[in-house]
Every structure is written in C-alpha cells, then in structure tokens.
Amino acid sequence: MTKAPFRLALAPLAIAAALITTPAHAGGVKAGTLIENTASATYDGGAGPVTIPSNTITVKVDELLDVTVTSRDSGPVSAAPGSAVLTFELTNTGNGPEAYTLAANPAVAGNDFDTTVNGLAVDTNGNGVYDPGVDQMLTGPATTAAIAADASLTVFVLVTIPGGVADGDQSDVSLLAEAVTGTGAPGTAFTGQGAGGGNAIVGSTGANATATGSLSVGITDVDLIKSATVRDPFGGTGIVPGATITYAIRAEVRGSGSVSDLVVTDAAPADTTYVAGSLKLDGATLTDAADADAGRSGTSGISVDLGTVSGGSSRTVTFQVTID
Ligand SMILES: [Ca+2]
Ligand SMILES: [Ca+2]
Ligand SMILES: [Ca+2]
C-alpha cells in the first residue's frame, strides 16, 4: 500500500488521455451512458520500468429534462367561423427519452375572441398536415408517447372559431408542454427517474415550454348591386318600345381576403332584345363571342368571368337591351 500516495499524485495527469470523444447532441451525452476513467503511472523501482493502473472511476450520465415548442404556421392561420387547425413542433432537447403532457390555452390576453379547443392530435403519418381519422388524437390528459432525445413531434391543436367574429379579428392559442417526469427550476432532481436508472434533472428550460399560434379571421363576401337607366328614341327617359335600357351590375367584394371564380350573369328580360356589342366590364367593351376576353353574350343572356377578386375592390358589368 506504499504506492497509494504516488498513484493519487499522478492521477490528474492521466485524465486528459482518458477522455472519451462523443458525438454532439442537443442534450449532450445520452442519459445512462457510463463514463469510465482509469489513470496509470510508470516508475522505475530499480528493476526496470513498471506501469501500474489506478482504480477505475465510473460515473453514469443523468437524464436532463428539456423541451422546446415552436409554432409551425408561417403566419396567422386564415380562418372563418368553424373549425381550424394550428400546427406546432415539440422537440425533446434533453438527453433521454421523455413523454410530455400538452395543454392548449385559447384564452390568451389580447385576443379579439377566444376559440374553443376541441382536441390535440399528433401527426401520426408524418405529412405535416392534420388528417382526421388518421392522425392520433391525444385524450385527456393529453400525453405524448416517449420521444427520443433530439427527436421532434408535430402536434395539431384543433379549434372552433365562434360565429359573430368580424373580418380581421385575431386570436392566439398557446400550447404548453411539460415533461412527464417533472418540471421545476433548472437543477431540480428526480432521484432514480432518469433513463438507465440514473437521476432525472431539470435542464435550463425548466422541462416545460410554451409556444403561441395565431388565427386571423378572413370573411370575404360579395354584394351585387344592379341599376338601370333608360333612354327613349326621342332623347328622353320614357319607357316606350324602342327605348334602350342600360343595366349596370356592380360586384363589390368586401373583406380582407379574396373570392375566386366570381362570375356575373344576367338574362335579357322578356320583351327586350340584347343590343349586340354592348357588353362592357369597367367601361371596356367585351366581345359577344365566347373567346379570350372575360365576357360573352347569347340568347341565354350575358356572362362575365371576373376570376379572383380581392376584398375592397369592385367590378362593374354593363349591357344594353331595347324594349321590343
Ligand atoms: Ca425520461
Ligand atoms: Ca398527418
Ligand atoms: Ca367575349
């Protein structure tokens, strides 16, 4: 045992050589990993060089409990009264497998209205889109399966937007994830509850995380306003045979979104005859033929295809008939 003091004195010199290189992970070395370290010493006691090992120190890496949550939506989700889906990503930034309980809060300060949360689902088929009946619902309390260290999970929050909301109204929904093993101040330890039998220790995130997703109400509708002016053959406004009626149909698109495939149609009324070549859109003449321009006219009446029209704009179609 006379060698013991000598051995201890040399041990620090040998530690550097014994360090193990490990791949980088967000959460560091995996929980449960054994880190072993043995020092050695060489000496000459008079009978030639002798090398002796120290005892081996083995430590087991504890499990860090950490998590991040982010919104996966590129911006506020455009929505209308009815159902909507917010998409989040949860990442286990700890170093061991961990499950998380999830809670969605629709009552975020500053909301113009609050949604009703109908449920939480995970992206079972991994396509980034909520698929009813395919993606697994998490039922109360909503808890994920264990997620491997460094792995992520896409989570959907399913909400209902109430009636009575106004165009442009906004609402946020927050999603809280908490490590099932426990949360708390960084450094809080849960003895023996780590992966591989070590301890679980709360990491810098507190083992919980919150992210917020946003909804923006886009209600777009169309008002159609029709008016008529009459000019008689005598230069007056008498409604007599031979008089010309000019109909104007104004489509007003209201709201923050847009409408698509907006088509305005009208029929020449009984006892009148369409005036060939009188069809116009915003004052520009359209041919009666069904061709490349937006309009056409025939025995069934006029039709103008306005396509996609943004909220806050209006288009006016005019045409003329004569009274038979
Ligand atoms: Ca765990
Ligand atoms: Ca899916
Ligand atoms: Ca045409």
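# Calcium sites, a sheet and salt bridges

Reader: What is the relative accessible area of V129, and is this residue buried, exposed or partly exposed?
Author: Buried means under 20% relative accessible area, exposed over 50%, and partly exposed in between, with a 1.4 Å probe and protein chains only. V129 has a relative accessible area of 46%, and therefore counts as partly exposed.

Reader: What kind of model is this, and which residues count in its totals?
Author: Residues are numbered from 1 along each chain as its sequence is written, chains are lettered from A and ligands numbered from 1 in the order in which they are written, and side-chain values use heavy atoms, with hydrogens and water left out. The model is predicted, so that local features need pLDDT of at least 70 and side-chain atom pairs count only at pLDDT 80 or more, whereas the totals for chains, interfaces and linings use all residues.

Reader: Which protein donors hold the calcium ion (ligand 2), and how far from it do they lie?
Author: Donors are N, O and S atoms within 2.8 Å of the metal (3.2 Å for Na, K and Ca), and because water is not among the atoms, sites may look incomplete. For this ion the donors are D123 (OD), N125 (OD1), N127 (OD1), V129 (O), D131 (OD), D135 (OD) and D135 (OD). Along the sequence these donor residues are spaced D-x1-N-x1-N-x1-V-x1-D-x3-D.

Reader: Which spacing do the donors of the calcium ion (ligand 3) follow along the chain?
Author: Calcium ion (ligand 3) is coordinated by T287 (O), T287 (OG1), A289 (O), D291 (OD), D293 (OD), D293 (OD) and G295 (O), at 2.2 to 3.1 Å. Read along the chain, these donors give the spacing T-x1-A-x1-D-x1-D-x1-G.

Reader: Is G295 buried or exposed, and at what relative accessibility?
Author: Among the residues coordinating the calcium ion (ligand 3) are D291 and G295. D291 counts as partly exposed because its relative accessibility is 40%. G295, by contrast, counts as buried, with a relative accessibility of 2%.

Reader: In what order do the three strands of the open sheet stand?
Author: Strands (E, at least two residues) and helices (H or I, at least four) are DSSP runs numbered from the N terminus, and two strands pair if DSSP finds at least two bridges between them. In this open sheet the pairing is antiparallel, and the order is β17-β22-β21.

Reader: Which residue of β22 is the bridge partner of T265?
Author: β17 (258-266) is one of the edge strands, which pair on one side only. Seven bridges join β17 to the antiparallel strand β22 (residues 301-310). Within β22, the bridge partner of T265 is S303.

Reader: Which residues are linked with D221 in a network of salt bridges?
Author: The side chains of D221 and R254 meet in a salt bridge at 3.2 Å, N to O. D221 lies in strand β15 (residues 221-231) and R254 in strand β16 (residues 244-254), so the pair ties together parts that are 33 residues apart in sequence. In the network, D221 is linked with D223 and R254.

Reader: Where is D261, and what is its phi?
Author: Most residues other than glycine have a negative phi. D261 is placed in strand β17, and it counts as exposed because its relative accessibility is 63%. Although D261 is not a glycine, its phi is positive, at about 55°.

Reader: Is A207 buried or exposed?
Author: A207 lies in the loop between β13 and β14 (208-217), and its phi, near 65°, is a positive value in a residue other than glycine. Because its relative accessibility is 0%, A207 counts as buried.

Conventions: A salt bridge is a side-chain nitrogen of Lys or Arg within 4 Å of a carboxyl oxygen of Asp or Glu.
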